[in-house]
Amino acid sequence: MEGKPLTYSLTDPNKRFFTVNKMNGDVSVVDSLDREDTTIGTSLLKVQARDGDSGDAGIIRYSIDEDSGGRCYYNTTTYLNSTTFVFITVVDIPDLDPEFIGLPYEGKVEEHAPVGQSVFQVTARDQDRGVNDEIKYSIENFTADSLFSISEDNGVISVLSTIDREVTGPTVILTVKATESRLNSQGNTASTTARVQINIEDINDNRPEFYKCVGSGDENCVAASDFTGKVPEHMSGLISINMMVKDPDENSQIKLILEGEDKNVFSVEPQFITTGGMVQLLVRQPQNLDFERKQQMVLEVTAIDEENHNLNSTATVTINIADINDNSPQFAKDMYRFPLPEHSPAGTVIGNVTAVDPDTMDQGNIIYRLLPDSILMYFNVKPETGEIYVVNGTLLDREVRSLYSATLVARDTYNNSGNTVLEITLTDINDQHPVFNREFYQVFVEEGADFDLTIQATDGDEFNTANSKIVFGIAPGRYSDNFTIDPNTGVLRNLGQLDREVLDPKLNGRIELNVTATDSGTPPLSTVVTVIINIEDVNDNVPQFGASSYTFSVKEGEKGAFVGSVFAEDRDQSKDFNRISFSIIDGSFGSFIIRTYAEERGYRGNITVDPDVELDFDSGSRQYILHIEAADLEQKTAVATVEVNLLDVNDERPEFTVIEHVTVKENTTITGAVGNFTGIDKDGNHSLVYELESMKCRCGGILTPCNSFILDPTGEVRANPQGEPLDYEKCDQVLIEAQVVDEFTEKGKNNSVTTGQMVIDIEDINDNAPEFIHSDSVFVVLSESTSQGTSVGAVRATDSDSEKNRKITFTVTEVQFEDSDNNLVDLGILFRAVTSFQDGIYVGTIQINGNINIQKKGKYVVTVTATDNGGLSTGTKLDIFVILETYRVELQFTSSTAEVENKLNEITRVLSAATKASVRVVAIESDTPEASRSSENTIVAAYFVFSNGTALTSAEVEDLISQPEYFPGLIELGLKTIGTGVSPPSQEPRTLELILLGVVGGLVIVLAVLTISMICTRRNYTRKLKAAKAMNSASKVTSDNQKSGPVVPGTNKYTMEGANPVLNLNIDTAMVLDLEDDGDKSSLSTMDTDDITVSGQRRTSMDREEGDTSAVYQEPLDAALAQWGRNKSPDNHAMAFKNPVFSTTDL
């Protein structure tokens, strides 16, 4: 519509730099403008106008009428137009870095160019056109230091120092910086950098150089002038020597020349190289590479720069020629001859044949072998040394084969071989024994005649040599001296007459000679043959007795008894000529006979008493002279005399004489005889020996076997050093029973009819010291017993010796006092020991012997010595503890004094078991007032002491005996209450003590008045309450002889009908007990749940109902109290009940 206002707005692309007022079209800058960023054709802004008209009237056309930089004109047909003039001027500021122009930069310069020579120029400009700041140049970085410089003003790069292309390389890279002289809009220095490459042009200024390369890559190459190579002999081809030649100059041409004595053998490859490369040698004359003639060749390789021959280098190349196996082993001769004695032992060296091979690898490596294989059973060669030796000498027998031929082959490591011939000739040795033509020779000849016998033998060794020449001989023997043999012919003859009786009869006339045939070789060999000479016997000898006379004896009374033997021999050796028979020709009187027996040599004649004759020593002849004849078969005889004596016979048994008692002291060391057994024998010829039958020791009245003594065969009795020692205290008597034997008894028994018995009494010596008997008793000194002569303990001792030596006397030798700090003080003999003898044991009662300070804390260490009559003694130490009176404990028992004394051992035992302490009772006194109607009470005063001397207080004892396992037992023994001991004496001054006593006395008086008043006012109530409690307890006690119901303690009243076994009356409990008032009823009704307070502890009636109800009590109150005590827990130790003003008797 017409008349509507125009509105303005901005659109892209530069909308972000400006803003326009919507209503009036004012444009403002809202972002920084960069003058250098706007190029031609860039949209600066867009102006938009809106027309409120509609249709064609609302179309708007835009144009710039005038612009200082140019004019654009659009011919547009519009109905309405509007012209807007916009002037925008952007002022430049230094906000851009300078820039290099003409990039990239690359220059060049020859190496060794003069210093100061210009190389290249760089140019930079300020991108801020409106500012155009001055530019400064500098070199920021470089690949080669100090080679170039740059002008700060114009950017000209010049040579700064000498350039060596071989050192710097072909290219140097510089980093050049351009910096504006003024700060930019941010206050910083604006700068930029550019890369400049300068190429170094090479000139020929270096000579070729040799390098030794190991591995690939230039980094493994080092400059060198000496090179080595290795080539096998006779090899052709290239040899690597790890040589590189290189000229640092670019594209240099290098010529290689080979010089040296052996230059014709090799050539260098390649002969021309550009810049550098590997160099090798080519073998041109392989036939000259002979290791056996030359092992090393030295060459020179010269590298020459083709452009400038003055630029050259020389290197030495050493070629080591390696040996190859190109030669065969060679022997010095074609044949070797060796002589060898036959049967040379295995391992015998025949000779050493070696071959030579010039190849180095074969030095000491040649292997030898013998051919053919069949020769190896005789000979062999050591493969490494060529030593030829015998394998089996037993096969080398010249008599079988005398010549051996073999081929010795030598092979090197390449299996090249050479050979030679060995010829081994066996020489003869004396290895063949002579051989007889018979296995044995035999000849028969009568004794007294002569004979001759030819012995023949041959030898297999070489003929007509010493080895085969035979000499005969007779080997030494028993009868060889009676014969001779011709050494050359071998004829054997006898020397002297041949007597068969000279020969050993066992030979039966046969003589065997060993005839030897020995050759003359070295060493000589011999063979033995047996020659048997049989000498035939003739009867040319008479019998001969072994003795001309014989003497024999024979016992009386034995029919057919053997008397003796005679011997005779006929030297003739054949049975036909040497058989003998005996006969009695005189003196026998018919009492003796003789029989002939053949012996191994000769004959024996046994003389015996005629079996029908009994010789009598007493009534007949006591001696007989016999003549015995020996005759052979041809009745050639000899006579001998025999004397026969008649002997008496030993037939009586031995007997013992009286054996006396022997006494030996115990522990004896006597080695001689302590006693003797003595026997007698009525026979004149006897030999008595004594044998032990038994030995017993009487030990404790019982006989037991022992070995304390030795019985010698002579009857002597000695102490046995290896047996049980004689100890009177163990055994007091030894009984030895022995037997006497007659070794010469000939008839009947040879031992005594009865045994002999020796009694040895062991005599006691004082060799045992007294021994104290251990006791666990605790010794104490109590305040009640400090007077002189009071016993504080006792020791007991025994002595194992006999009566006179076992008597013991006790003495106190030392008394010391040890305080609580363990300090010991000698007190002299403050105690004494009184000796007594009780039940076979000596008792030493320790009594006070001086004044005892009962207030001192500690113990007395008393040394007691027990000494026997022999002076042997033993000591022991006793600890006697001092117990203060404060530890005295008083126990009240509901029994009379006599009853307590009767039960004292049991009471002490239970108390000791409960407290684990030793109980010392010091007093037992009655504690019952004469006017009291209750049962008698007794007070027992005691101390409870441990083995270390510590004692229990009354409270501690009370806690310990309240244990359930001990308390009921003490109640049964009558324990009622436990009192306290005497308080310890005060250490305050006496005045203060009196003041305190006065105050306490006043308080006691006041307390007594109050107590009496309360007792008077409350006695009635208390009595009722106690009775009700007792009745309540009694209701829980049942008995087989009464009905259930409460019992009135102390009366014969029963509360229900039929309860009284006597009257069966119904008793009104309330009436009898006067319980009509409400207060008493209330008190009675509370008994079912009320608690009983004992020693500060409360127990409910429910607790009291638990426990053992098996005990039978005389009084209901006792039953109630016992039930309460049994159910008391271990933590609550109620000891006893004591009320001096109330008892069941009072009820």
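Biologist: What should I know before I start?
Modeller: This is a predicted model, in which local features need pLDDT of at least 70 and side-chain atom pairs count only at pLDDT 80 or more, while totals for chains, interfaces and linings use all residues. Residues are numbered from 1 along each chain as its sequence is written, and side-chain values use heavy atoms, with hydrogens and water left out.

Biologist: How many helices and strands does the protein have?
Modeller: Helices (H or I, at least four residues) and strands (E, at least two) are DSSP runs, numbered from the N terminus. Here they come to twelve helices and 74 strands.

Biologist: What share of the residues counts as buried?
Modeller: Buried means under 20% relative accessible area, exposed means over 50%, and partly exposed is in between (1.4 Å probe, protein chains only). Of the 1147 residues in this protein, 37% are buried.

Biologist: Which residues touch the most other members of the largest nonpolar core?
Modeller: In soluble globular proteins, nonpolar side chains tend to be buried together. A nonpolar core is a set of buried Ala, Val, Leu, Ile, Met, Phe, Trp, Tyr and Cys residues joined through side-chain atoms within 4.5 Å. The largest one has 27 residues, and Met243, Leu256, Phe266, Leu281 and Ile319 touch the most other members. Strands that each supply at least two residues of this core include strand 17 (237–246), strand 18 (253–259) and strand 23 (312–322). A second, separate core has 26 residues, among them Phe545 and Ala638.

Biologist: What is Leu256 in contact with?
Modeller: Contact means heavy atoms within 4.5 Å. Leaving aside neighbours within four places in sequence, the contacts of Leu256 include Val245, Val268, Pro270 and Val301.

Biologist: How do I read strand pairing, and which strands form the open sheet?
Modeller: Two strands pair if DSSP finds at least two bridges between them. Four strands form an open sheet in the order 25-32-31-28, with mixed pairing. Strand 25 (335–341) and strand 28 (367–371) are the edge strands, each pairing on one side only. Strand 28 and strand 31 (residues 403–411) run antiparallel and are joined by five bridges, and Tyr368 has Ala410 as its bridge partner in strand 31.

Biologist: Is strand 71 enclosed or open, and why?
Modeller: Eight of the eight residues of strand 71 (residues 938–945) are buried, so this strand is largely enclosed by the rest of the structure. Its two faces are both covered, with Val940 and Phe944 among the buried residues on one side and Ile939 and Tyr943 among those on the other. Strand 69 (residues 889–893) pairs with strand 71 in the antiparallel sense over five bridges, and Val889 stands opposite Ala942. Strand 70 (residues 918–926) also runs antiparallel to strand 71, with eight bridges joining them.

Biologist: Last one: at what angle do helix 5 and helix 6 cross?
Modeller: Axes are lines fitted to C-alpha atoms, for helices over the stretch in contact, and angles run from 0 to 180 degrees between N-to-C directions. The axes of helix 5 (residues 904–915) and helix 6 (residues 954–961) come within 8 Å and cross at roughly 95°. Angles under 35 degrees count as roughly parallel, over 145 as roughly antiparallel, 65 to 115 as roughly perpendicular and the rest as oblique, so helix 5 is roughly perpendicular to helix 6. Residues making the contact include Leu911 of helix 5 and Leu960 of helix 6.
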